[in-house]
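Here's a quick look at a few local features of one model. Have the sequence and the 3D view open while you read.

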Amino acid sequence: MKKTTIADVAQYANVSNSTVSQFLNKRYEYMSVETRKKIEEAIETLQYRPNLMARSLKQKSTFTIGIIVANIIHDFSTKIINALEAEFDKEGFHMIVCNSADNPKKEKKHIETLLEKQVDGLIVFPTGENKNLYIRLHQQAMPIVFIDRFIEGVDIPAVLLDNFSAMDMAVETFQKQPLAIITTSLALPITPRVERLEGFRQALRNRNLLIDERYIKNGEPAEMTEIFNQLFTLEQPPKGIIAANDRIFQELMLYIKKRNLHVPNNVQVIAVDDVPYANFLTPSITTLKQPILPMAQKAASLLLAKIKKEPLADEQKLYRFKPILIQRDSTN
């Protein structure tokens, strides 16, 4: 697609090029509110991206990749960032990392900022709430790869864990029933949260085990104590619990400690993501490890191919990676 220029914006807003330039540089002193509004509307309609970086005239590249993580405090996020940096560094690219905190407005703002900086491509943990924005960027041939998640109806490739296999492995590992699973809030349709709950149900169904929604929970971290109370005051408290991410795992272990429960005698535990301290706890905790390096390598190779406009031999929408079960004392 033809790149929109300042001249295009000026013509659309019926103002001079210099007036648009003043607007972009936030020099509003002699500009009416009406003029500012017309320029804003023109920029939005034409999807103009200000060139805020000096680009290489020969290669037309900033050699910069924008990364938008969902929540940088997650162990998976920090590990995947580190692995991606190593992959892009091999090709001479550097990264700008942004944290959306699973906030769709922040996600959109970060995308706009990164586009203004003329990044060559984006790797995003999408919140799921900016579908139209991603459709538009795809139509404009902006190189993007999703990681950890995908959005239905958006033709952007995604690299993620095989969440269904992960839940099947977990259910197979437990030795007692009933089983429970807890994940973060489903207020947003975030892929791993939704898929892990559905994968849990599917794993129970495949083994002709009862699916009881009282044992399938989601909520914010601040709600975890109440959720754990609900589970452990059931007539049959869970004998095995899957913590669907590291934040839930932390809250669960704190609760177990405060209530003087014993793992694995009172309850067995499996955590998704192999956090470093899982092996140092007493007892050590069984985890489902995401294959960070292969996932990062695939995401980076997909994005670089898009940036370089190279054909992909195995192009597909979803690239799912099998988890690695690390069995420890919490399930013995």
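How are helix 1 and helix 2 oriented to each other? In this predicted model, helix 1 (residues 6-13) and helix 2 (residues 17-24) pack at an angle of about 105 degrees. Angles of 65 to 115 degrees count as roughly perpendicular, so that's the label for helix 1 and helix 2. Their axes sit 8 Å apart. On the helix 1 side, the residues that meet helix 2 are Ile6, Ala7, Val9 and Ala10; helix 2 answers with Asn17, Val20 and Leu24.

Take Ile72 to begin with. Together with Ile73 and Val97, Ile72 forms a nonpolar patch on the surface. The three residues share about 240 Å² of accessible area.

Now for Pro323. What does Pro323 touch, leaving out residues up to four places away in sequence? The contacts are Leu161, Asp162, Ser165, Ala166 and Met169, plus Leu288, Lys289 and Pro291. As for Asp102, Pro323 is 221 residues from it in sequence and 24 Å from it in space, C-alpha to C-alpha.

Key: Residues numbered from 1 in each chain as written. Predicted model: local features only at pLDDT ≥ 70, side-chain atom pairs only at ≥ 80, totals over all residues. Heavy atoms only, no water. Patch = residues over 30% accessible without salt bridge, like charges linked within 9 Å, V, L, I, M, F, W, Y side chains within 5 Å. Areas by Shrake-Rupley, 256 points an atom, 1.4 Å probe, with all protein chains shown as cover. Salt bridge = Lys/Arg side-chain N within 4 Å of Asp/Glu carboxyl O. Axes fitted to C-alpha atoms, helices over the stretch in contact; angles between N-to-C directions. Helix = DSSP H or I, 4+ residues; strand = E, 2+ residues; numbered from the N terminus. Parallel < 35°, antiparallel > 145°, perpendicular 65-115°, else oblique. Contact = heavy atoms within 4.5 Å.
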